[in-house]
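Thanks for coming, everyone. Let me put the structure up, and then we can walk through a few parts of it.

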Amino acid sequence: MNYLSVENIAKSYGERLLFRNISFGINEGQKIGFVAKNGTGKTSLLNILSGADTPDEGRVVFRKNLSVAFLSQEPNLQPSLTIEETIFSSEKPILKIIEAYEKALENPHDTETYQKAFDAMDAHQAWDFETFYKQILFKLKLENLQQKVNTLSGGQKKRLALANALLSQPDLLIMDEPTNHLDLEMIEWLESFFAKENITLFMVTHDRYFLERVCNEIVELDEGNLYSYKGNYSYYLEKRDARIENFETETAKAKQLYKKELDWMRRQPKARTTKSKSRIDDFHEIKSRAHQRRKDHEVQLELNMERLGTKVVELHNISKGFGEKTLFEKFDYNFIKGERVGIIGKNGTGKSTFLNILTGGLSPDTGKVVIGETVQFGYYTQKGIPVKEGQKVIDVVREFGDFIPLKKGKQISASQLLERFLFDRKKQYDFVEKLSGGEKKRLYLCTVLIKNPNFLILDEPTNDLDIVTLNVLESFLLDFPGCLIVVSHDRYFMDKIVDHLFIFKGEGVIEDFPGNYSDYRTYEDSSPKETKEASESKPKNHWKNSGSKAKLSYQEQKEYKKLEKEIAQLETEKETLENKFATENWDGEEIDKQSIKLQEIADNIETKTERWFELSAKMEEA
């Protein structure tokens, strides 16, 4: 069944043409990954499909009564609403029923309203959907439902928008970089969810494993033409390479024929026969074909880096904690020349703190960091390039000088350097704020590498980069002769670049694993699983499903529901406060004060959890 048809659409901004005469369709059950270079209109196309924008030419035809959800890179949420209010503001009727039930639970004395809400849950079979709703929030770590949107981080807002999109259960889900701001655990859960769900998807993502395991079709916009491949990412790569090879072969043949026909043209007299005029017309077509070329340029930079000495970076028994929270303890490690390390771990386990200690931004609580005399750090952070109003691309590089030194005494102009980073002369005079997210990241990488580092640290370098640029970056990094540390949620990128992993496990533990991310997942999957906590492993057999057999009184039922919410809110408060220990510049007195508060929250969680288990046990006896 056809869901929508895109018919000869075009989009441009001023003189900048993004695409023209684009046509394709989306059918029920298709899971399509859309691939294109940064700046060629991926986000613009998604905005047109979602109805957030209109094409300059052509049209998009939707099937009647089709429900569409759109996950953008920058979600548009109401800042005054809470997480719960944002979710319940959806037009999906079953969410309204669950909202009424949740409100009834907060007013236990109004038995009539409660019974009406309870009956509505039964009548619409909403209990299963409520379980699904809670699973989505749990997996995306959105458990403090009363938190206001205006207090959420960018990552939390993206996860809330994703939860909204999933809960709306649309016919067609359109997504722009759905894995950005998700940790590895969330990405793998979402990947599994989409792989097994009968849902129609159209998405842009740089996560190549996600494309491989979720999509059954890849659509590529390349050099203004659209190509469709009925298969996953591996199939797409195979067929794309064959297409490009065929293009090069046909172009080479056209060049040979062009030389032959050019010689004929030069020998012909001015008087032409009808037959020769036909050959002349063909000549112009051959000439056009022979002069076609692909714009597959690579980032090039001859680093003027100083060679690393025998001593690179040595970590001697370093420890770091904030208040009662220990991030890592007595960690020893000596980096050697050419080492490639990947860092993974959940948020709050100390990854950024570790990098700041390594580069001298923070001091360890115990131990010391010894840095070799020839070490020059290049630190690519998640913050990206600071955008100054009215600053042009070339001005960013000229801050480092009009000419940049390369190895062997050579130098290069700022403009030439930008060309090597795929910014043509016209693009160099664009305002930085007008660049796409991926183009800003590429420019930022340029400014980091200008400093000629021999110890490169990349913190989430793949966010917002297109797959073409990622392949270029990977090729560059594979030839990088210095030391390299990468923090990334891009599993494909990590597998290709790093030799071993530092795994931040929390509770002060850093594990050095000899292999890449896929090796680690294979190892983890083959290891005996630890018994999960009862709150996660036990199916939540709510009293509402057990009918008259439930042994909880009416008040206990209310208490049970209330405890679930309170524990989730306290856990979020605890995590927020723990993170502040790592980010706030508190003095000793404030640290003591906040440590006491953290302990009070932990004690409260323990007390409420014990009571929750008591009530849970009573239900299971029923």
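First, a term: contact means heavy atoms within 4.5 Å. This is a predicted model, where local features need pLDDT of at least 70, side-chain atom pairs count only at pLDDT 80 or more, and totals for chains, interfaces and linings use all residues. Residues are numbered from 1 along each chain as its sequence is written, and side-chain values use heavy atoms, with hydrogens and water left out. Helices (H or I, at least four residues) and strands (E, at least two) are DSSP runs, numbered from the N terminus.

Start with two helices. Arg159, Leu162 and Leu166 of α6 meet Met186, Trp189, Leu190, Phe193 and Phe194 of α7. The axes of α6 and α7 (residues 184–196) come within 14 Å and cross at roughly 15 degrees. So α6 is roughly parallel to α7; the cut-off for that is an angle under 35 degrees. Axes here are lines fitted to C-alpha atoms, for helices over the stretch in contact, and angles run from 0 to 180 degrees between N-to-C directions. The crossing is left-handed, meaning the near helix is turned anticlockwise from the far one by less than a right angle.

Asparagine 144 sits between α5 (126–139) and α6 (154–167). Is asparagine 144 buried or exposed? Its relative accessibility is 14%, so asparagine 144 counts as buried. Buried means under 20% relative accessible area, with a 1.4 Å probe and protein chains only. Leaving aside residues up to four places away in sequence, asparagine 144 touches Ile83, Gln569 and Thr572.

Now the sheet. Six strands form an open sheet in the order β14-β17-β18-β12-β19-β20, and the pairing is mixed. Two strands pair if DSSP finds at least two bridges between them. At the edges stand β14 (377–380) and β20 (509–513), each with a single partner strand, so one side of each has no neighbour in the sheet. On average, neighbouring strands are turned by 15 degrees against each other, direction ignored. Strands β12 (residues 340–345) and β19 (residues 500–506) run parallel, joined by five bridges. Isoleucine 343 stands opposite phenylalanine 502 in β19.

Last, α14. Helix α14 (residues 437–450) lies across β14 and β17 (455–459), at about 165 degrees to β14. How many residues of α14 are buried? The count is 12 of 14, so α14 is mostly covered. Among the buried ones are Leu443, Tyr444 and Leu445. Just after α14, asparagine 452 has a positive phi of about 55 degrees.

How values were computed: Buried means under 20% relative accessible area, exposed over 50%, partly exposed in between (1.4 Å probe, protein chains only). Angles under 35 degrees count as roughly parallel, over 145 as roughly antiparallel, 65 to 115 as roughly perpendicular and the rest as oblique.
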